[in-house]
Amino acid sequence: MGDPCTESNSMAESDSKPPSASKNGKGEGGSGHSFFTWFMVLALLGVWTSVAVVWFELVDYDDVLGKLGAYDADGDGDFDVEDAKVLLGLKEKPSILVERRAEPESLVEEPEAEPEPEVVEEMIQPSHAEEAAWPFPDPVEEEPVVLEEVEPEGEEEPVEDEAAPEIEISEEQVEEAQVDWESELEGEPEVAEAEESAPAEEDEDDSLSEDAGENQDTASVPEGDDDVYGSQSMDVESEIQAAVPLPELVEEDSDSEDHTEDAIDTIGEIVEEAVPEETEEELDHEELLEVDQGDEPTREDENPQEAEEEPAPAEDQPVEKVLVTAEAAQEQKPKEKVKKKKPKLLNKFDKTIKAEIDAAEKLRKKGKVEEALRAFESLVQRYPQSPRSRYGKAQSEDDLAEKVRSNEVLLKAINTYREVAELPDPPADLVKTTLKRRAERQQFLGRMRGALATLEWLVQLFPEDISLKNDLGVGFLLMGDNKNAKRVYEEVLAVAPNDGFAKVHYGFILKSDNMIAESIPFLREGLQTGDPGTDDGRFYFHLGDALQRVGDSSAYEWYELGHQRGHFASVWQRSLYNVDGLKAQPWWTPRETTYTDLVKTLEKNWKTIRDEALSVMDPSRGLFVPEDENLREKGQWGQFTLWQQGKKVEKSCRSVPKTCALLDRYPEATGCKRGQIKYSVMQPGTHVWPHTGPTNCRLRMHLGLVIPANGCQIRCTNQTRAWEEGKVLIFDDSFEHEVWQDASSYRLIFIVDVWHPELTQYQRQTLSPI
């Protein structure tokens, strides 16, 4: 700017001279001074604007300076050139920054100061989340992710520098965690690789799905039952194989028989690398056989050694011998099991429609019986020569009959089972399974002759199968034809002398024919084999009974073993048809039974009951029939029955009307489907073997009618008592009891069986008769 005096003089001179005008009306010579004039105007305007800003507080300088302080990198309290150099990396950051007070942080707005710590936390937390979801994640891919998110944020660099020490610590923690993961990964690299691929696949699925939760559910569907075709490692036959006790069977390809031995390891166990196409069918077949063969054989087949290794008393040497023999037999079984093959249910044609069969079978196994039946009926209609489709139809009808409790539907299933076996090209294993199931369902309906015919058909088709001959023997026993059953088991033992199933049944038949001593070795050796079907309470029962009758004290050792295996409630209580949880004691008082009114009626009217009995005791009338359960060692024992299995014998009651009229008022006795009401007369010199009743569901009352003074006794467990005329004895005949009649005259009593008092009304109505 020029001197003020000079400027004023020049202005005065310009005022004294008349301005010259140009052609356009503007004065000439003014352009030289116009630049300075406008400069002065702008300068004055800037000055007054600054004054106005400060005077009227149009700008909050404290706020502006505070914000700039956030970018203070050198710690001098303001933002200047030195700070810019630090931020641009041209100068190192002073160490005093670490000890800065917290005031500048409070001046920084939350949205700008918090993002950086949140970024660090977000990069650490996903690592822990992945560690929980996948035990062995890959940490190598995560480290660059942290760096990419931390460094590019140019606008937030000042905040990043301020929080740098925290970031360095967080990265060290991440690196330590990654080192731990890597050390674990070195131990199981295959698992780590599998887990690497799993998150990748899920990420791809997430990108294709709008809802992440729905995508996770969808990803798990192939492993469930909802996807018919989803699991190639769980097809129909493998599910059968898993449900049925066939550990010895070999996993092999359904399309070829050349891989049988390749599917077994050196100890005879099934290798997990079985061909996937057969797996589901095997399980389906096993599920069928589990129903067909019943629960007890299934348990024994699945773990035969476990049944033989249950503890036995150390002092019982015969029991120890049984266990040792059974264990030795079990050691040889795996070698035999390796040679066997798993059942095949599909012929060549059925393999071409396997997917459709599997879909229908899935419905059946999920309990959708009606839908499964419609599906299999459709398959049979389209493929009438398909054995597996027709077999599935029979199974569905079988299931439906069970569901709706219909014998008519069950008869349809029985007929369909027959149709399967009559088709032109059914697999042999399918025929065998089908006809065995057919025989069982026929037996269930009480069609024993039809079942026997089916079993004979099986034996004709498969004459070399010992198990089918054993089943045929059981069929004859169910018919009461012990003679033919004995013949069948003799044929089996001639071919397979160590077959435990045949031995125990043959021993049972010999004992039933009162060949007591001859039955013992067959029963004992059969039980010692531990073969499927031998670990049955009936065989322990009859072996012990036979030993008792020949005076062998080892009988109680076998009873103890039967108790240990869960067949008997105790050594003394050996009934086989029981309800768990009922009070068990050998002797009862009337008050304990709660049937005091019945006891009082019997004792009050004992002479009436006696007189009617004496009126029908005439041998010429033939009302008293000999005991026919083979319970006597010697002597004569006759019975006259009024009620049997809860049903009144009208003809008998017409002979003793007063006695029957007295009892009609007591349904606990007349309605006892597992008991009897009868007179019992025993002649002198009679001895009844130690024995037990069939069930714990009843108690037995003995009313003394004609009792000799001496010589008549009854023992229950280790307590012996005697009858009295007009008095009632009550005991639980599921406990071992024994009778002696050594008097000089007959003994007459009245036997009344009553329901166990702890049975509910529902149980009394639904229990099967015995």
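Guide: What follows starts with the nonpolar core and then turns to salt bridges. This is a predicted model, in which local features need pLDDT of at least 70 and side-chain atom pairs count only at pLDDT 80 or more, while totals for chains, interfaces and linings use all residues. Residues are numbered from 1 along each chain as its sequence is written, and side-chain values use heavy atoms, with hydrogens and water left out.

The largest nonpolar core has 42 residues. Such a core is a set of buried Ala, Val, Leu, Ile, Met, Phe, Trp, Tyr and Cys residues joined through side-chain atoms within 4.5 Å. Buried means under 20% relative accessible area, exposed means over 50%, and partly exposed lies in between (1.4 Å probe, protein chains only). Leu598, Leu602, Leu642, Tyr679, Met701, Phe750 and Val752 have the most contacts inside this core. Among the elements giving it two or more residues are helix 32 (596-604), helix 33 (606-615), strand 4 (637-644), strand 8 and strand 13. Helices (H or I, at least four residues) and strands (E, at least two) are DSSP runs, numbered from the N terminus. In soluble globular proteins, nonpolar side chains tend to be buried together.

Take Phe750. Beyond its neighbours within four places in sequence, Phe750 is in contact (heavy atoms within 4.5 Å) with residues including Leu602, Ile609, Leu642, Tyr679, Met701 and Leu705.

Now the charges. A salt bridge is a side-chain nitrogen of Lys or Arg within 4 Å of a carboxyl oxygen of Asp or Glu. Asp753 forms one with Arg698, with the closest N and O atoms 3.9 Å apart. Asp753 lies in strand 13 (residues 747-755) and Arg698 in strand 8 (residues 698-706), so the bridge ties together parts 55 residues apart in sequence. Asp753 is buried, at 0% relative accessible area. Arg698 is buried as well, at 6%.

For another setting, look at Arg418 and Glu422. Their closest N and O atoms are 2.9 Å apart, in a salt bridge. The two residues are 4 apart in helix 22 (residues 407-422), which means about one helical turn separates them. Arg418 is partly exposed, at 26%. Glu422 is partly exposed, at 48%. A search of the whole structure finds 31 salt bridges.
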